[in-house]
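Let's take a friendly walk through this structure, from strands to helices to rings. Have the coordinates open as you read.

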Amino acid sequence: MERFLTRRARPLLLVVLLEIVAFAALVIWCTAVVAVLFEKYIHQLTGSRMTAFLLVFGAPALVGWRLIGRWHKRRQARKIASVLDMASAEQLSWAQFEQDVSMHEPGLQNVRALVVRLWVEKYLCSIVVSGDGLQLCPADMPALDVPNGGKCEMCGAQLEKRLFGGWACRYCGTVAGKK
């Protein structure tokens, strides 16, 4: 299952703990803001107070909503990856994959759009999505013509394709193959 999940779908424990602490702080903050609004200022609402309330309440609420969305996408990616892990064939049609998902994870709806969205948003990897199905990539598949397996010789970061050909490190700027 792990080979189909990216780092975004399975973050470090410290990141998860920080997200939980931040979410708890956001909930406490939003609850306090609403309590103060309804206790003191509900009868004296003006345009400026309402704008201040929306800023003080709305921004943290939006951040909390994004955190919940991120957690939901991670959960969906883990469900899809568990079904992909049970697949025996390297090439799956959408009908066959949707049938497998409905058998193992009955709560997921609109599977094709979900897989494409999670793949585009980089929650799923080691698959190739096409119009007629999914192709599973082997775990030990080499990177596509990437020198050194896709790692920078200087800093070890991931190499990326440059606009005019060749590969370069996005962090230190080292061009692959040149010393």
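Predicted model: local features only at pLDDT ≥ 70, side-chain atom pairs only at ≥ 80, totals over all residues.

## The sheet

Stepping back, the open sheet has three strands in the order β1-β3-β2, paired antiparallel. The edge positions belong to β1 (91–93) and β2; each has a single partner strand, so one side of each has no neighbour in the sheet. From one strand to the next, the twist averages 20°. Helix α4 packs on this sheet and touches β2 and β3, with its direction at about 125° to that of β2.

## Helix α4 and its buried face

Which residues of helix α4 are buried? Within this helix (residues 111–120), they are Val 111, Leu 114, Val 115 and Leu 118. Viewed down the axis of α4, these buried residues fall within an arc of 95°, so they line one face of the helix. The general rule behind such spacing is that an α-helix has 3.6 residues a turn, so residues three or four places apart point the same way.

What do the buried residues of α4 pack against? Their partners are α2, α3, β2 (127–130) and β3 (133–136).

## The loop after α4

Just past the end of α4, Lys 122 adopts a positive phi of about 65°. This residue sits in the loop between α4 and β2. Is Lys 122 buried or exposed? With a relative accessibility of 55%, Lys 122 counts as exposed, because the cut-off for that class is over 50%.

Setting aside neighbours within four places in sequence, Lys 122 is in contact with Thr 6 and Arg 8. Arg 8 also lies over the face of Tyr 123, at 5.5 Å from the ring centre.

## Aromatic pairs

Two numbers describe a pair of aromatic rings: the distance of the centres and the angle of the planes. With pairing set at centres within 6.5 Å, the count for this model comes to three aromatic pairs. One of them is Phe 53 with Phe 57, a stacked pair at 5.3 Å centre to centre and 5° between the planes. Both residues belong to helix α2 (residues 47–86), and because they are four residues apart there, about one helical turn separates them. Phe 53 is buried, at 14% relative accessible area, whereas Phe 57 is partly exposed, at 25%.

Trp 94 and Phe 97 form an edge-to-face pair, with 6.4 Å centre to centre and 70° between the planes. Why are Trp 94 and Phe 97 separated by about one helical turn? The reason is that they are three residues apart in helix α3 (residues 94–104). In this pair, Trp 94 counts as buried at 3% relative accessibility, and Phe 97 counts as buried at 1%.

Terms used
Residues numbered from 1 in each chain as written. Heavy atoms only, no water. Phe/Tyr/Trp six-rings, centres within 6.5 Å; stacked < 30°, edge-to-face > 60°. Helix = DSSP H or I, 4+ residues; strand = E, 2+ residues; numbered from the N terminus. Buried < 20%, exposed > 50% of the residue type's maximum accessible area, 1.4 Å probe, protein only. Lys NZ or Arg CZ within 6 Å of the ring centre and 35° of its normal. Arc of directions from axis to C-beta. Contact = heavy atoms within 4.5 Å. Pairing = 2+ DSSP bridges. Axes fitted to C-alpha atoms, helices over the stretch in contact; angles between N-to-C directions.
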